[in-house]
Amino acid sequence: MVQYSRTHLDASFAALSDTTRRGVLEQLGRADASITALAQKFEMTITGMKKHVGVLEQAGLVTTKKVGRVRTCKLGPRRLEEEAAWLERYRQLWAARFDELDDVVEQLKQKELKQKETVDGRKKRE
Amino acid sequence: MDARKESEPARMKNRTNVERKSERELVVTRTFNAPARIVFEAWTRPELFKQWWVPKSCGASLLDCEMDVRTGGKYRLVFGAPTSQQMEFFGRYVEVVPPTRIVWTNDEGGEGGAVTTVTFEDKGEQTVLIIHDLYASKKALDEALASGSTDGMPETLDQLDALLTRKP
């Protein structure tokens, strides 16, 4: 199981604390985009957008790649991995809980079966 | 109907599935080899509930468990582990329909806690159990997911923390 340090989480939260940056993530969730396109979309300067993207990049939420003169941004691996790791751990905990619920359910079934046998036995004797 | 022999080898455990169904929804699914009325009983009778709700592997224990399982009733669970503070979870049963459905609120975090719906789908000799958590917002679920990511694996209340943010 992959483990994540608090530093990573802090960086993610800091990155997510800004409305524009959350908007950028949403936007990139739909499609990759260049810094210029993002700057236009969010009505800010290219320099301003570069800063926001830099913060997201540092937190591992976004990756960028320069092709020619255009820097393209896309969602980074961290967020999804972290969520997947959490969900897996959550699943394991429920699985552990349910395995014990299986035992309780089995006991109840057996009890019911015995009661039924007793009743049937009585009926037969009658 | 033929009764199962005691000597029958342990069956395979049924698989537990977890899925983030949408930005605000988390869904857990699991099949049980018993009719719904039995699974429902194990879920709603406190003395039975206590036997399975806190897995032995997590090291914590259920110190207190009050459950008034009926529409409008309340619940309160208190957990403890040797090395950690006690944790308390509470809320209200919004809807209880034996043996098919339980809906409760998770109020320990204040307003806007997730609402949990458990459905017991009776399939005769089996029950498909579906736990559906509906969070107030995408942000609320994202934060719940993030708070579950802690450094070590097998610590007790950290696990519970993640797990119990939506209860019984």
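Predicted model: local features only at pLDDT ≥ 70, side-chain atom pairs only at ≥ 80, totals over all residues.

Biologist: How many residues does helix α4 of chain A have, and how far does it reach?

Modeller: Helix α4 covers residues 46–58, so to speak 13 residues, and spans 18 Å from its first C-alpha to its last. That is close to the 18 Å expected at 1.5 Å a residue.

Biologist: Which residues of α4(A) are buried?

Modeller: Those are A:Met49, A:His52, A:Val53 and A:Leu56. They cover an arc of only 95° around the axis, so they sit on the same side of α4(A).

Biologist: Why would residues three or four places apart point the same way?

Modeller: Because an α-helix has 3.6 residues a turn.

Biologist: OK, new topic. What's up with the phi of A:Glu43?

Modeller: A:Glu43 has a positive phi of about 50°, although it isn't a glycine. You'll find A:Glu43 in the loop between α3 and α4 of chain A.

Biologist: Is A:Glu43 buried or exposed?

Modeller: Exposed, because A:Glu43 has 9 C-beta neighbours inside 10 Å, and a residue with 12 or fewer counts as exposed.

Biologist: Where is confidence lowest in chain A, and where is it highest?

Modeller: It's lowest in helix α1 (residues 6–16), with a mean of 69, and highest in helix α3 (residues 35–41), at 95. For chain A the mean pLDDT is 84, and 89% of the residues reach 70 or more.

Biologist: Let's look inside. Which residues touch the most other members of the largest nonpolar core?

Modeller: Out of 40 residues in that core, they are A:Trp94, A:Leu101, A:Val105, B:Val39 and B:Ala42. Helix α5 of chain A (residues 78–125) gives the most to this core, with 8 residues.

Biologist: And what is B:Ala42 in contact with, leaving aside its neighbours within four places in sequence?

Modeller: B:Ala42 is in contact with A:Leu101, A:Val104, A:Val105, A:Leu108 and B:Leu48. There's also a second, separate core of 13 residues, including A:Leu16 and A:Ala59.

Biologist: How many helices and strands are in chain B?

Modeller: Chain B has 4 helices and 8 strands. From the N terminus, the order is β-β-α-α-β-β-β-β-β-β-α-α. Of the 168 residues in chain B, 33% count as buried.

Biologist: Last one: which residues does the cis peptide bond join?

Modeller: B:Pro98 and B:Pro99, with omega at about -10°. B:Pro99 is in the loop between β5 and β6 of chain B.

Technical notes. Residues numbered from 1 in each chain as written. Chains lettered and ligands numbered in written order. Helix = DSSP H or I, 4+ residues; strand = E, 2+ residues; numbered from the N terminus. Expected span 1.5 Å × (residues − 1). Buried ≥ 20, exposed ≤ 12 C-beta atoms within 10 Å, placed from the backbone. Arc of directions from axis to C-beta. pLDDT = per-residue confidence, 0-100. Core = buried A, V, L, I, M, F, W, Y, C linked by C-beta atoms within 7 Å. Contact = placed C-beta atoms within 7 Å.
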